[in-house]
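Let me put the structure up and then walk you through a few spots in it.

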Amino acid sequence: MYQEPPVPVPPRSRVRVLACAVAAVALLTLTAATTPPGAGQRTGAGPAGVVREWNAVATDTITDALGPRPSGQAAVWQGFVSVAVYNAVVGIEGGYALYKWRERGPAGASSAAAAATAAHDVLLAYFPAFRERLDTAYAGSLDALPADRARDLGVAYGKRAAARIVALREGDGRFADVPYTASPAPGVWRPTPPAYQPFLDTWLARLRPLLLTSPRQFRPGPPPALSSAAYAKDVREVRVMGARAGSGRTARQTATALFFSGNLVAQVQTAVRDHAARHRLGIAATARLFAAVNASATDAVVTAWDAKLHYGFWRPITAIRLADTDGNPATTADADWEPLLPTPPHPDYLAGHPTVAAAVTRALTGVLGTSRIDLDVPSEVTGTRRYYRWADDLDRDVVDARVWGGVHFRTAGVAGRRAGARVAAWALDHYFRPVAGGGTTD
């Protein structure tokens, strides 16, 4: 069960204060690359709408429970909910292999009722403080369905699907005491100004993955040596392009940094819901899309945190301010340097945003069978949207955004992008596969 109490959440507008002086200029220039076909047109709810609606409920619940935490933890809970909903739907509808389960649903059961029940029960198990909100949403979902035997069967099966996931995740390492013990030294992470917070959610580095066999399965090699030309190049770029004041960024580049400076996991959920609605995906296809995206994102977070804990590489703000200690003659110290964005309280390598984004886009392209992802992505920070036709464009912008925000070296983003793509490619080779007559995945 989720152990941390819900934290007080500031108003939704809280993120708009981020770098407001810069954003005021940047937002004047921000325009979407193009408009998605059929934007603004939505289909009726239907059975698939229940999956989308409960993804929205999950997103709001998780966001409100975690508050403004600069951690990948949100992806974990989305992954748990999505695989439970997937099993609840696919166990009845068929077409795809179940996730670590062998119990098929009863004939004639309502997959919509099963989906709502599975999502409700998983969220309630981990976020019991939100019972009233969850119960109200659940009652609305059931009231919209015929009160018949199909609904009753679906509810019962959805409960079993949720219980299966909760049982599978017992003892998975959540909230374990995982110490970060490295002593400050050149190249070694230490808490960063202004808050000097300790390494956040170190347990993510040891969490049992949803899909992978180990957190270190796709751990990359180390970041560049401090003495290398590659390291000096990274430092020079972020020093110029990621600075709060006097940077080399264009207004568009600043806007990109701000656009991807908030809750990436929530941005993804909104965009995938919109995609599924515009493309009129059925309930099984919708459940599979969310499961593939969110389970891959979960394991991308685990992969990123594993590397963060293992390598413990320092952040740009530390590296630039202490460049006179790195032994590299091509770097110069600037004790007053500040990044555009606040530096999250965990190491640089791997960069979490690019790792998760690449896992998401690779999962999307794998499920959709094309590199055309057709995503209309919103940003709560900027209050704007950007349309991404191609996966590479989204991945590139997320890597750039973290450099231009001054919080990551480019190597951390590029390596994260590569690792995230490997996570999702492996995941789709082993899970959520089409089957002729049902099936299971162990």
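I'll start with the overall picture, then go to the aromatic pairs, the charges over rings, and one arginine.

First, the caveats: this is a predicted model, where local features need pLDDT of at least 70, side-chain atom pairs count only at pLDDT 80 or more, and totals for chains, interfaces and linings use all residues. Residues are numbered from 1 along each chain as its sequence is written, and side-chain values use heavy atoms, with hydrogens and water left out.

Overall, the protein has 14 helices and 4 strands; those are DSSP runs, H or I of at least four residues for helices and E of at least two for strands, numbered from the N terminus. Of the 442 residues, 59% are buried, meaning under 20% relative accessible area with a 1.4 Å probe, protein chains only, while exposed is over 50% and partly exposed is in between. If you take contacts (heavy atoms within 4.5 Å) between residues at least 6 apart in sequence, 81% of them join residues at least 24 apart.

Now the rings. Searching the whole structure turns up 20 aromatic pairs. A pair here is two rings of Phe, Tyr or Trp (its six-membered ring) with centres within 6.5 Å; planes under 30 degrees apart are stacked, over 60 edge-to-face, and the rest tilted. Take Trp77 and Phe127: they're edge-to-face, 5.3 Å centre to centre, with 70° between the planes. Trp77 lies in helix α3 (residues 73-93) and Phe127 in the loop between α4 (111-126) and α5 (131-143), so this pair ties together parts 50 residues apart in sequence. Trp77 counts as buried at 1% relative accessibility, and Phe127 does too, at 2%. Both belong to one aromatic cluster, along with Phe80, Tyr126, Phe175 and Trp203.

Next, charges over rings, meaning NZ of Lys or CZ of Arg within 6 Å of the ring centre and within 35 degrees of the ring normal. Lys308 has its charged end over the ring of Trp305, 5.2 Å from the centre. Arg386 lies over the face of Phe259, at 5.1 Å.

Last one: Arg402, in helix α13 (residues 391-404).
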